[in-house]
Amino acid sequence: MLPGLESFGYRMAAFGRLLVILAFLLNIPLLHGVEFDPYKLLGVSRTANQAEIKKAYKQLAREWHPDKNKDPKAEDHFIQISKSYEILSNEERRLNFDKYGDVDGQPGNLKQPHHFRSFHKYDSFFFDESIFNFEFNSARDSLDDKYLLHFSQYMNEVVPDSHKKPYLIKVTSDWCFSCIHIEPIWKEVVQELEPLGVGIGVIDSGYERHLLNHLRVYQHPTIVGVVNGRVSFFKNVVVRENLRQFVENLLPTKLLDQVTNKNYVQFLSAWEDDNKPHALIFHQKPVVPLLYKLTAFQFKDYITFGYVETGKEKTEEILTNYNINSYTSTIMIFKENIHKASDVIQGKGIKKQMIDELISSNKFLVAPRLANQRLFQELCPVKQYRRQKRYCVLLIIGEVQKLQTPYNSFVSFASANAKESLRFAYIYPERQQAFVNALLPPALRGSPTPNIVILQQSTIPMKVFYKLLESGWNGSEEDKVQLFTEVNQLLEVGHHTFFSHEAVLPELNDEFAPMFLVRWLYAVTDYASQIWKSGFTHNWREMMPLISLLFSVIFILLGAFIIQAFGEPNELERKSESEEKEEPETAKVQDVSKKQQSNTSSNTRSAEQVFVEVTELTYVNYTSNLMRLMPGNINVLVAVTDATKNTLIQRFAHEVYPVTWNKSLHFSFLNLSKHRRWMEDLLEYAQDPARISNAQDENCHNQNYTGYVLALNGHRKYFCLFKPKLSNEIENRGALSSSETKQDGSGCEGAANAPEPDSPHPQPSSSNLSIKQTKQLLNRLNLWMDRLLEGILQRYYVPFWPELH
C-alpha cells in the first residue's frame, strides 16, 4: 500500500470516530430505534391528567395484550405500554422524566437517547462491535421466566406450600438496571438451593402491583423469604453465603434433636408419645447440613428427626449397635421396634429424591393410633376410583392395656401385611368416646375386652361401611387366624357382601392439640416477633395503624380500670355486702325440669346470669349426668326431701357459687322422697369396714340423709362424701328425738344414728327442723368444696353405679 493512501486511511478512520462522538454529544440519533417516550406510546399529551392517562392505558392494554393480540410484536409493545403507564401514573417519576428525560424517573442525564443513558448510568461507556445496533436487553434473565409468580399463584400455591418448604423470591423489573448486578449470584444460588428443596420465585414489578402491595415491597431489586406464610426480607449484601444463611434462618430452630449415647434409647422410644416414626441421620459434620434441615421441615408432621455426629466418642455406642460406617452418610427409620430399623439408606452423596422416597414410604407406624382427623383421612382415605380399595383394620383397646399382649399381637400381625390397600391402626375409647360409640353396640361399650373393626370410608363425608369381629381380640393364635380369614375374604369377595353395618362417624378429637392458653401464648409470641421484625423493615408511615391500635387498646384498658376503681359497686358486690349483714335467700337457682334438661354444664358467671343451675337427678338424665360424664367432670349432688327442697337448694347454691368458675363441676339434687334406696345402696361403699351389720339393720330405714352432699366422678367411678355437722341446740334436740324413737320401738339402735367420722352426733328428722336449722346443715360446705378442688378428700370407689329407678 502507498504511504499516501495509508495516511489517508488513518485520517478517515479518525474522522469517522470523531463523527460518532460528535453525534452522541449533539444528541444526533444515529440509531434506527426511536427514543423512549411514554407520552407517545400512550398517545396522550404532556398536560394529560391521571384520568386520561389511565383511560388510554386501559384501552391500549386490552388492544395489545399478548393473549388477545397475535401480532409477533404485541408482547414487546405491551411491555412498553406498561412501563409508560408505570412512569406517568407516578407524579414524582413523571416530573423527573419531564425534567431530565430519564426513563426510571430519576435525575440523570439531559435528554439523551435511551441506549446511551443505559450505559452512562454506571459512569462508563460501553462500546463493542454492535455499537450501531443498540437493542435493549431486559434486566430479567430468561432463566427467571419459569419462576414468574402471579398473585393467585402466590396465594393458592406458594403460601400453602411454604408450610413444607421455604421460598426464596426475587423482585425485579425489565427497567431495573441495578438488578443486573445480582443476576450471576442469583443463578448460582438457584442452582444450589433448588435441588435441596427450596422453592424459587420471581416477581416482575411491572405486572404484579397487587402482589407487591400484599408483600409490602416498594422497591427493586428485593429478595424475600416465605416460610409458614410469613414474609421475611433479606437485608444483607447479595452474596452466595449470605443468601444461604438467610434460608437457614427462615427455618425453625429445633427441627432435629441432637442424639448421643445417653439419649438415643429415650429418643427412639418416644414413638409411644408422639405417635410418629423416628429417623436417625448419621453424618460427620458437627453442624446439620441444610439438606437435612429442609427434609426435617418438610416431613415434620410425620417423622421426628434426630442427628448423630459420627466420629465422636459420645456416639460410638450408637454406631456399634446399628453397625454404622462413620465415614458414610446414613439415614435410618425406626418404628415400634427400636432395636431394628424398618428402612435405611446409605451413601456418600445421598440425593434429595432418595430421601423423599424413603420418608414418603415410612410416614406412619406399623399400627399408628388414630389421634386426629387428618391421620384418619390419610390412613383410611375415601375411595377415589372405582377399582381403588382402601380398607382399615381398627383395634379398639383401652389405654390401660397399652403395650400389653393384645396390642403387641396386633402390631405383630400388622407388620406381616404386604397389601397396599390394607392399613392397620388402633384407638383409645377413653380419648375418642363418641367415635368408638358410633362403631360399637351398647353392649360392648365400656367392655375391657379389645375389639376389631374392619371399615372402609364411603364417598359420603364421614360415612363408613364396617364389620365388627364378634369374638373380640385377645391376641391369641385363634384370633390371628380368624382375622386373617376375614381379611382374605374381604380382599377376595369385595366390600359389597362383606360389610354388614354402616355409620356416620363424628370427627376425631385432636389429642395433640395444645391447650388454649398455650396456643394463645404461641400466637402472642409469634405476633410480637413479627412486629419486631417488621418495625425494622417498614417505615413509620406503614407502622402507624399498628401503633394506633396499640394506643387504643391501652386507652380502653386504662379507662376500664378507672371506671372500676372509682365507679359505684356493681350488683354482685352489693349482693355480697347484703349477704354479710343478714341471712337472705340471695342465691338464685334455676330448678330445671327433669324432662327438658340432660346437660348441666352451663354455669356461666356473667352480669346478666348470676345464678347456679341445679338439676334434679332422675332416671331420665341419670346416664348423661353421671355415667357418661366426660373424664375430669364431677357432679356435685345434694340430698333433699320434699319438705327441705327449696331451702336446701337455695343454701346449696349460695355455698357452691364461688367455685362455679370451674366448668368441670356440675350441680344436681336428689329427692330422697323418691330415690332414697339409691342413696342407701351407694353409701354402703362409704361405711367403716370394722362396722358389722346385724339383722335389725336390714329392716332399718330411719337414717336421715338430708343435707348429705356427694361429689360423683362418673368416669373414674368414685365419690367424695360431705356429712352435715349440727349445732349444739340441734344435736340435743336430735338426741331427744332419737331416745323417744327408741322407746317407741320404731327405731334401730346403732344403725341410723350411729356416730360417723364427719358427723359424730345423731341427726334429727328433717321434718322437725326449722328453715334456719335446715340451712345450717350445709355449714362449712364451701370449705369442703375447696378441699375437693385440691384433691385431698377421701375417695370411695364403687365397682358400678347403682340403678336409679
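These legends describe close-up views of a predicted model.

Residues are numbered from 1 along each chain as its sequence is written. Local features need pLDDT of at least 70 and side-chain atom pairs count only at pLDDT 80 or more, while totals for chains, interfaces and linings use all residues; side-chain values use heavy atoms, without hydrogens and water.

**View 1. Confidence along the chain.**
The mean pLDDT of the protein is 76. This score is the predictor's confidence in each residue, from 0 to 100. A value of 70 or more is reached by 72% of the residues. Among the elements, strand β7 (residues 304-309) has the highest mean, 95. Helix α6 (residues 114-120) has the lowest, 37. Helices (H or I, at least four residues) and strands (E, at least two) are DSSP runs, numbered from the N terminus.

Over residues 728-764, pLDDT stays under 50. The model has 52 contacts for this stretch beyond four places in sequence. Contact means heavy atoms within 4.5 Å.

**View 2. Helices α3 and α4.**
Helix α3 covers residues 50-64, and helix α4 covers residues 74-88. Their axes come within 10 Å and cross at roughly 165 degrees. Axes are lines fitted to C-alpha atoms, for helices over the stretch in contact, and angles run from 0 to 180 degrees between N-to-C directions. The two helices are therefore roughly antiparallel, a term for angles over 145 degrees. From α3, the contact includes Y57 and W64. From α4, F78 and Y85 are among the residues that take part. The residues of this contact divide into ten nonpolar, three polar and one charged. Ala, Val, Leu, Ile, Met, Phe, Trp, Tyr, Cys and Pro count as nonpolar, Asp, Glu, Lys and Arg as charged, and the others, Gly among them, as polar.

**View 3. L778 in its loop.**
L778 lies in the loop between α29 (771-775) and α30 (781-790). Its relative accessibility is 0%, so L778 counts as buried. Buried means under 20% relative accessible area (1.4 Å probe, protein chains only). Leaving aside neighbours within four places in sequence, L778 touches residues including L648, F652 and F722. L778 and T706 are 72 residues apart in sequence, yet their C-alpha atoms are 10.0 Å apart in space.

**View 4. T647 in helix α25.**
T647 lies in helix α25 (residues 645-656). T647 is buried, with a relative accessible area of 12%. Beyond four places in sequence, T647 is in contact with I771, T774 and K775. The C-alpha atoms of T647 and K772 are separated by 8.8 Å. Along the chain, these two residues are 125 residues apart.

Key: Parallel < 35°, antiparallel > 145°, perpendicular 65-115°, else oblique. Buried < 20%, exposed > 50% of the residue type's maximum accessible area, 1.4 Å probe, protein only.
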